[in-house]
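Me: I would like a close look at one part of this protein. Please take the sheet, and then the aromatic rings.

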Amino acid sequence: MILTLSLLSIPIIARGVASASVGRERLSLNTGWRFSLSTTRPDKLVYDRRPDVPSQDDLTILKPWILPDVPFVQGGYNDSTWETINLPDDWAIKGPFYTGGNAPVKGGMGRLPIQGVAWYRRKITVIPEDESKLIYLDIDGAMSYAMVWLIGNLVGGWPYAADEAELFLNNKSQGRIEKGASNYRFRWDKIAYQPGQLSVLTYKNGEPWANSTVRTTGEATQVRLVADRTTITADGSDLSFITASVLDRNGGVVPRANNTISFSISGPGEIVATDNGNPADMTSFPSPKRDAFNGLALVIVRSKTGAPGQVIVSATATDLAAAQVTLTTQ
């Protein structure tokens, strides 16, 4: 089976992770890409006018905005005339530099030719033995209106960026500001800390664009377990990655929690590793105990060969309510 990956307007590094017959395998996809740059915007994307949608899941409204009417994203497109490149790649820094007083790009961007729409394409061959297995695609470093398609299907993207933002602290406006021509961030420099809720609402062309909210957390009261996959293959190789979160009574992750979490398992599975993302933590990976780091930890569970059934993974920590998650091996 051949998969075609199309990426729009991004300096990128790409990595693939495939589950092969000998276990989990990590493969680099940094070679053999095709590249095309257009300075005219052939994709008809209206980048700067996001539609007003009640939910991110409302694809009937979002699709016409984010799906370009071009053949580049389709699996059968002939890209043989495109440039062959390897990643990492940043088309905007290749030059040549603009010169003269009327250059469209001034010194703030190094007089580099950054305008245009760039496309990256790559074909990925999946061997028959892996067609029924789970494959992860990791696109690292995608930026500036990046969008990703797989065989004509949009699988991700990053629409960028708003031109106004309003900050709310405990539902009280702290001011609506405009992004300057040479600014890449919105800043409110005179806001005194208060516990509670901090929200931001951004605008593009005067219309709501995106919003985000963070809340102050309280004392840690419980552990939560969430598995990336609750059904795995009973082949002795398949894995489930389970995130352990230390939460307050309202379900918010406590960002400074470092409680020691003990993991246990019952059923046809085994704990093969724990981790927390802390580079200073020298605890052995196979240890069933792990300190939370910024309120989070990870436990990795592997199936047993020819042993289908239910696997129960438990997490306990002193003074915190315990948690369980159930996996099925088949």
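Reply: What follows goes through the sheet strand by strand and then turns to ring contacts. Keep in mind that this model is predicted.

Start with the sheet. It is open and has four strands, in the order E11-E10-E12-E13. The pairing is antiparallel. In general, strands of a sheet pair through backbone hydrogen bonds, either parallel or antiparallel. Two strands sit at the edges: E11, residues 172-178, and E13, residues 207-215. Each of these edge strands pairs on one side only. From one strand to the next, the twist averages 15°.

Now look at one pairing inside this sheet. Strand E10 covers residues 164-169, and strand E12 covers residues 197-204. Six bridges join E10 and E12 in the antiparallel sense. Find glutamate 166: leucine 201 in E12 stands opposite.

Next, a charge over a ring. Arginine 176 lies over the face of tyrosine 203. The distance to the ring centre is 3.5 Å.

Last, the aromatic pairs. The count is three. One of them joins phenylalanine 35 and tyrosine 120. Two values describe such a pair: the distance of the centres and the angle of the planes. Here the centres are 5.1 Å apart and the planes make an angle of 55°, a tilted pair. Phenylalanine 35 belongs to strand E4 (residues 33-38) and tyrosine 120 to strand E6 (residues 117-125), so the pair ties together parts 85 residues apart in sequence.

How values were computed:
Residues numbered from 1 in each chain as written. Predicted model: local features only at pLDDT ≥ 70, side-chain atom pairs only at ≥ 80, totals over all residues. Heavy atoms only, no water. Pairing = 2+ DSSP bridges. Axes fitted to C-alpha atoms, helices over the stretch in contact; angles between N-to-C directions. Phe/Tyr/Trp six-rings, centres within 6.5 Å; stacked < 30°, edge-to-face > 60°. Lys NZ or Arg CZ within 6 Å of the ring centre and 35° of its normal.
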